[in-house]
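Please walk through this predicted model with the text below in hand.

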Number of protein chains: 2
Amino acid sequence: MTRPIERRALLKGAGIATATAAATLGAPVLAAPALAQTAPRVRWRLTTSYSKALPTLFGASELLAKYVKEATDGAFQIDVFAPGEIVPGLQAFDAVQNGTVELAQTALYYYIGKDPSFAPFTTMPFGLNARMQTAWMYHGGGLELQDKFLAKYGVVGFVGGNTGAQMGGWFRKEIKSLDDIRGLKMRLPGLAGQVMAKLGLVPQNIASGDIYPALEKGTIDAAEFVGPYDDEKLGFVRVAPYYYYPGWWEGGPTIHFIANDKAWQKLPASYQAVFKAASAYANADMLAKYDAGNPAALRRLVAQGAQLRAFPIEVMDAAYKINTELMAEISAKNEAFKEIYGSMLAFRNEGYLWWQVGEYPYDGYMIRARQRG
Amino acid sequence: MTRPIERRALLKGAGIATATAAATLGAPVLAAPALAQTAPRVRWRLTTSYSKALPTLFGASELLAKYVKEATDGAFQIDVFAPGEIVPGLQAFDAVQNGTVELAQTALYYYIGKDPSFAPFTTMPFGLNARMQTAWMYHGGGLELQDKFLAKYGVVGFVGGNTGAQMGGWFRKEIKSLDDIRGLKMRLPGLAGQVMAKLGLVPQNIASGDIYPALEKGTIDAAEFVGPYDDEKLGFVRVAPYYYYPGWWEGGPTIHFIANDKAWQKLPASYQAVFKAASAYANADMLAKYDAGNPAALRRLVAQGAQLRAFPIEVMDAAYKINTELMAEISAKNEAFKEIYGSMLAFRNEGYLWWQVGEYPYDGYMIRARQRG
């Protein structure tokens, strides 16, 4: 077994094992004396787009900070700031870009106002599920495209969380057909809002804290947020009980950590490695938290009166068709989007070829076995 | 932006920023001078159960070693040894337990001969899918149960990889009913072999390198291994073209890193943190590699003549029933198994309650949309 040299022994200049000792199995395997390393003290500020009230999302920043600190013996510290403490939640990207902070936790699709090419790195309507999103980023060319795209902004991005497939949101009235969509005021930001607008829905962008009162007053008729674990905390079930699935606009969105590129380049290589591994851990851990927390939250919501409903197939099909047209329109006008979305789309089509053989039949059997009891 | 102090400047005793400088946005945020840390040199040996010819499985050990080395500036090194270089692949656990090596990459269910309680930490027949397996370990009580169980052996375990849902294997002849199972000689180790034996199948345990010749000669009639990406490399399609799904005995198996507990306890806390984050990265990265590599491999296999078939429902149902009985038998005799399997089972039943709402309808719609073109 390896026996790290104690600090005390080192200070005495003693306790250095030799290469010979390592030849015995189970003996210390020490190639050289301990190093007196210079570990530069680095302190970064992280601004997050997510409230402390959402332990899955906010918790990923805490996990990153914890592991970075522990792994560097406290030399590299990340201080986590809630939305509004430094900048508002949706100004996280700009704050990193202009150097107000070194680091942010955010979702890149919040910034489609700058360029729609941000969106595929988070998720797309009828896009990748959570596993495919991570696989595309790590081993399907996604990260390389992201590095190239974000370099224009002086920002470097890291996969740092995933919510899994989201729900389609809370509705005050049941949706039975396309007719029921028309004129509906719904909190539905981003590209999905643009798709649904073509079906007559009136999309709204409302901050999470303002959704409940708007639903309660009837200022809006429906709202989507995340899934059972988060939605329960916001209390929507009391004012809009019809809970729809699937959330076809967010099959498995990535939450990002983004760093100012100049700050990143100044980090020692060892801190960069620590950061990369810790952000990968945060990515997996967030999804695991959702997967562990969603089932019981769903049970509680149903007990509180949530009415689970699948979107009518004509609504899904109409949205799918319009989305395909909208993406073609954007691709025709935007070369970067065309390349990034095209890569994601090719990965999706291949991914679901395998999914229908490998994963889907397994899950399907298990779901039916469970229903049978 | 943070500006790490350069080594040169430190040696001169200069370059220390003050707290005042940090007050300006974008200026160095340095709380204290750089530390002269003692970073003990540690060198561990890792023996893996997996051949270098399997880049997904073996590659996770390489990724772990790479990040641990980079994150510690080379102070903590892990040397990776292929099966047979130190001990044979299936003696990895014993080698860690008795201190021959500090670390191994293996699957815990290889060791059900010692105790069937090892199995749920890897996977179970009709068990968890890949995401649920990681969620159970991280946030469903799995890791705590594993720590308690492995402590008896002086071993500590880390989630370090996942293959996703596996295939049901390669058959020389088509399986149309339960009758076609009886008398079949199949490479099918572990608990699934015990289940299928009760249906008349004759299970065999054959090392991966010996499967192809056994199938070719007709010594065996069928064999399961992993999925398209790995199976393609072993060439089974040429001798047993019927390729069955789903692999109901491996819905999402965890690959582990296991460390000798005494060696682990001697690591500095910073190296333990580095190791934990790097193994979590390896876990996610392996699954991403499979998800990125399986689709194209499946295409090639079908082009080479693979005949994709779903197991007949009567085979699935009979196996499910026998498995339930077998697990009850083992639980009645083994308290540890009862506790561990019971925890996994409760997590599965809750997990699929949510899965049927959140993930399955999304994947189902995407699969049908793809088929429609």
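Helix 4 (130-139) and helix 10 (269-303) of chain A, together with helix 4 (130-139) and helix 10 (269-303) of chain B, each give at least two residues to the lining of the largest cavity. Helices here are DSSP runs of H or I with at least four residues, strands are runs of E with at least two, and both are numbered from the N terminus. A cavity is a set of points, on a 1 Å grid over the protein atoms alone, where a 1.4 Å probe fits but cannot get out, and its lining residues have an atom within 4 Å of a point. Grid points are joined across faces, edges and corners, and the volume is the space filled by probe spheres set on the points.

The largest cavity holds about 230 Å³ of space. Its lining has 19 residues, and those closest to its centre are A:R131, A:A284, A:L287, B:A284 and B:L287. The lining divides into 9 nonpolar, 6 polar and 4 charged residues. In this scheme Ala, Val, Leu, Ile, Met, Phe, Trp, Tyr, Cys and Pro are nonpolar, Asp, Glu, Lys and Arg are charged, and the others, Gly among them, are polar.

The second largest cavity has a volume of about 50 Å³. Among its lining residues are A:Y67, A:V274 and B:V274. Helix 10 of chain A gives the largest share of this lining, 4 residues. The lining consists of 10 nonpolar residues, with no polar and no charged ones.

Now to the sheet. In chain A, an open sheet of 5 strands has the order 3-2-4-11-5, with mixed pairing; two strands pair if DSSP finds at least two bridges between them. Strand 3 (76-81) and strand 5 (155-162) of chain A are at the edges with a single partner strand each, so one side of each has no neighbour in the sheet. On average, neighbouring strands of this sheet are turned by 25° against each other, direction ignored. Axes are lines fitted to C-alpha atoms, for helices over the stretch in contact, and angles run from 0 to 180 degrees between N-to-C directions.

Strand 5 of chain A pairs with strand 11 (residues 254-260) of chain A in the antiparallel sense over 6 bridges. Within this chain, A:G157 has A:I258 of strand 11 as its bridge partner. Helix 5 (residues 142-151) of chain A lies across strand 5 and strand 11 of chain A, at about 135° to strand 5.

Residues are numbered from 1 along each chain as its sequence is written, and chains are lettered from A and ligands numbered from 1 in the order in which they are written. In this predicted model local features need pLDDT of at least 70, side-chain atom pairs count only at pLDDT 80 or more, and totals for chains, interfaces and linings use all residues, while side-chain values use heavy atoms, with hydrogens and water left out.

Definitions and conventions
Contact means heavy atoms within 4.5 Å. On a 1 Å grid over the protein atoms alone, a cavity is a set of points where a 1.4 Å probe fits but cannot get out, and a pocket is an open set with protein on both sides within 12 Å along at least five of seven lines; lining residues have an atom within 4 Å of a point.
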